[in-house]
Amino acid sequence: MDVIDTIKSRRTIKEFLPEFVSWDKISKILDAARHAPSCGNVQNWKFVVVIETEVKQQLAEAALQQYEILNAPVLIVVCAEPEKAGRYYGERGEHLFSIQNCASATQNMLLEAHSLGLGARWIGGFEEEMVKRILSLPEEVQPQVIVAIGHPKEVPAKPPKMPLESLVYFNTWRNRLRDPTKYMGDYSAIIKRKLHTTKEAIKKPFLVDKKE
Ligand SMILES: Cc1cc2nc3c(=O)[nH]c(=O)nc-3n(C[C@H](O)[C@H](O)[C@H](O)COP(=O)(O)O)c2cc1C
């Protein structure tokens, strides 16, 4: 699958089958995480792989009782070491880049899981202090995401995504182009509409003027 197809077909999986996932696949997912971009390549992340049922139960409780994740055979907790980014980039490194670094690693994991035929769920809703206690994280380490990985019970329909035209400005805030089709090609909803009408027009029989 092309990267863009993987990106577009990935879904947040809510429910998992109680099935084993091979360590080979889990290690590929972890490997994808470590190749993510990070500020100054500082890589100030750690990945805590949770497979013990009891620990998973405690995490589900900390994750605002999202017990559906218990069927996922593996939970990976993405943890930041904000001080490390702070050393190079000050306040911005500690409080912004650390979050962005972990987010980029998380997205890599979701995409790799999907490309391996697995499903994953990004869980950001949890009691941070509880997760720190459950995993015995040191004070300076911040858990940012719990990624649940497993075989999807079902793949939900794609939720609506905003069209590019409503998300993109040019040069300055709120500056939209009069003719986005010129710049956005196939991705513009307008060009899609025009393509459809052109295709319909081509289908009509070609009229020959009999007088000539
Ligand atoms: C920062 C963040 C936090 C999220 N937290 C949760 C969560 O706690 N529980 C959950 O089920 N999904 C969570 N999600 C997944 C979103 O609900 C999901 O990405 C969104 O509904 C879009 O669906 P899609 O991923 O299939 O495109 C989170 C996603 C992000 C990026």
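Predicted model: local features only at pLDDT ≥ 70, side-chain atom pairs only at ≥ 80, totals over all residues.
Residues are numbered from 1 along each chain as its sequence is written.

**View 1. Helix α4 has a kink centred on Tyr89.** Helices (H or I, at least four residues) and strands (E, at least two) are DSSP runs, numbered from the N terminus. Helix α4 covers residues 82-115, 34 residues in total. Its end C-alpha atoms are only 30 Å apart. A straight helix would reach 50 Å at 1.5 Å a residue; this expected span is 1.5 Å times one less than the number of residues. The kink in α4 is about 155°. Such a bend is the angle between axes fitted to the seven residues ending at a residue and the seven starting there.

**View 2. Strand β4 pairs with β5 in the antiparallel sense.** Four of the five residues of β4 (residues 119-123) are buried, so the strand is largely enclosed by the rest of the structure. Buried means that 20 or more other C-beta atoms lie within 10 Å of the residue's own; exposed means 12 or fewer, and partly exposed lies in between, with C-beta atoms placed from the backbone. Five bridges join β4 to β5 (residues 142-152). Two strands pair if DSSP finds at least two bridges between them. Arg121 has Ala148 in β5 as its bridge partner.

**View 3. Residues around the ligand.** The shell holds Arg11, Thr12, Gln66, Arg121, Trp122, Ile123, Gly124, Gly125 and Pro159. A residue counts as near if its C-beta atom, placed from the backbone, lies within 6 Å. Three shell residues are nonpolar, four polar and two charged. Ala, Val, Leu, Ile, Met, Phe, Trp, Tyr, Cys and Pro count as nonpolar, Asp, Glu, Lys and Arg as charged, and the others, Gly among them, as polar.

**View 4. Helix α3 and its buried residues.** In α3 (residues 53-62), Lys56, Leu59, Ala60 and Ala62 are buried. Down the helix axis they fall within an arc of 160°, so they line one face. The arc is that of the directions from the helix axis to the C-beta atoms. Thr53 and Glu54 are exposed, on the face turned away from the buried side.

**View 5. Gln65 in its loop.** Gln65 sits in the loop between α3 and β3 (74-80). Its phi is positive, near 60°, in a residue other than glycine. Gln65 is exposed, with 9 other C-beta atoms within 10 Å.
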